[in-house]
Amino acid sequence: MRARFVAGNWKMNGSLRANTGLLDALKAGLNKSGNVEYAVCAPFPYLGQVSAALSGSAIAWGAQNLSEHDEGAYTGEVSGAMLKEFGCRFAIVGHSERRALFGEDDARVAAKFIAARRAGLTPILCVGETLEQRERGETESVVGRQLDAVVSAAGAAAFKDAVIAYEPVWAIGTGRNATPQQAQDVHAFARARLAARDKALAGLTILYGGSVKPGNAKDLFAMPDIDGGLIGGASLSAPDFMAICAAARR
Ligand code: 13P
């Protein structure tokens, strides 16, 4: 049985004070349970705070981005090795906001995936189509292309234990989640696409992200190829995030 995983993506939200309340509540409320794992992906400046708060807890943590370079004259960038120093286990790569707002193309996303691996981080690779692409019937070709670009550059072996997040762009922050069946269809497609490159990749953890809330999480997580969620807005509320985590327990 594949592991279940729920990760929060705080995006550019939080403050020292707000984070303290959120982290304390999560630490008190989330215990090691069955085969569900939890993580929060915080803004860079708060990783020290997150590490201090969550060390020894059942909750792992990660970053939302990293540089494809290891060190040097890259003003404003943060390397995977730096994230490791702050105890990060995960780094999100290829989030649609980075693709759309910061010009990250497939090649750059692949380079970041490889950099995360080089640093000993587990990448959470995000893929997903826009509304226009879905309406044109291009969902599978877009998601397939996004996956292939990284598998070709990194090699199938680099995907061992990696995490994939299917996040349809039209469902992110819109309150309009994909239906469980819509999400399941793309998850099954992604799993088959990866398995075609290497049978072992059929067992990868594939998360759904896009307006996951306490009220829809259970139905989404009940689908056979959905292994958990990557949670944006609802991860900023301890009760909501914990309710979503509870929905992932079998
Ligand atoms: P929302 O849950 O706010 O829709 O965001 C999803 C997301 O982008 C997680 O990475």
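Modeller: Two axes count as roughly parallel at angles under 35 degrees, roughly antiparallel over 145, roughly perpendicular from 65 to 115, and oblique otherwise. The model is predicted, so to speak of local features a pLDDT of at least 70 is required and for side-chain atom pairs 80 or more, while totals for chains, interfaces and linings use all residues. Residues are numbered from 1 along each chain as its sequence is written, and side-chain values use heavy atoms, without hydrogens or water.

Around the ligand stand N9, K11, H95, E167, A171, I172, G173, G210, S211, L230, G232 and G233, each with a heavy atom within 4 Å of the ligand. By class, this shell holds three nonpolar, seven polar and two charged residues; Ala, Val, Leu, Ile, Met, Phe, Trp, Tyr, Cys and Pro count as nonpolar, Asp, Glu, Lys and Arg as charged, and the others, Gly among them, as polar.

Polar contacts are pairs of N or O atoms within 3.5 Å. In one of them, a ligand oxygen is 2.9 Å from an N or O atom in the side chain of E167. The backbone takes part as well: a polar backbone atom of G232 is 2.9 Å from a ligand oxygen, and one of G233 is 2.8 Å from a ligand oxygen. Taken alone, the ligand exposes 310 Å², of which the protein buries 96% (Shrake-Rupley areas, 1.4 Å probe).

Most residues other than glycine have a negative phi. K11, however, has a positive phi near 55°, and K11 lies in the loop between β1 (4-9) and α1. S211 likewise has a positive phi, near 55°, and is found in the loop between β7 (205-209) and α9. Helices are DSSP runs (H or I) of at least four residues, and strands (E) of at least two, numbered from the N terminus.

Axes are lines fitted to C-alpha atoms, with angles from 0 to 180 degrees between N-to-C directions. Helix α9 (residues 214-221) packs on α10 at about 20°, their axes 8 Å apart; α9 and α10 are therefore roughly parallel to each other. The axes of α1 (residues 16-29) and α10 (residues 238-248) come within 9 Å and cross at roughly 30°, which makes α1 roughly parallel to α10. Helix α1 also packs with α2 (residues 47-54), at an angle of about 30° with the axes 10 Å apart, which makes α1 roughly parallel to α2.

A crossing is right-handed if the near helix is turned clockwise from the far one by less than a right angle, and left-handed if anticlockwise. The crossing of α1 and α10 is right-handed, α9 passes α10 in a right-handed crossing, and α1 passes α2 in a right-handed crossing.

Key. Polar contact = N/O pair within 3.5 Å; in protein donor to acceptor, adjacent residues only side chain to side chain.
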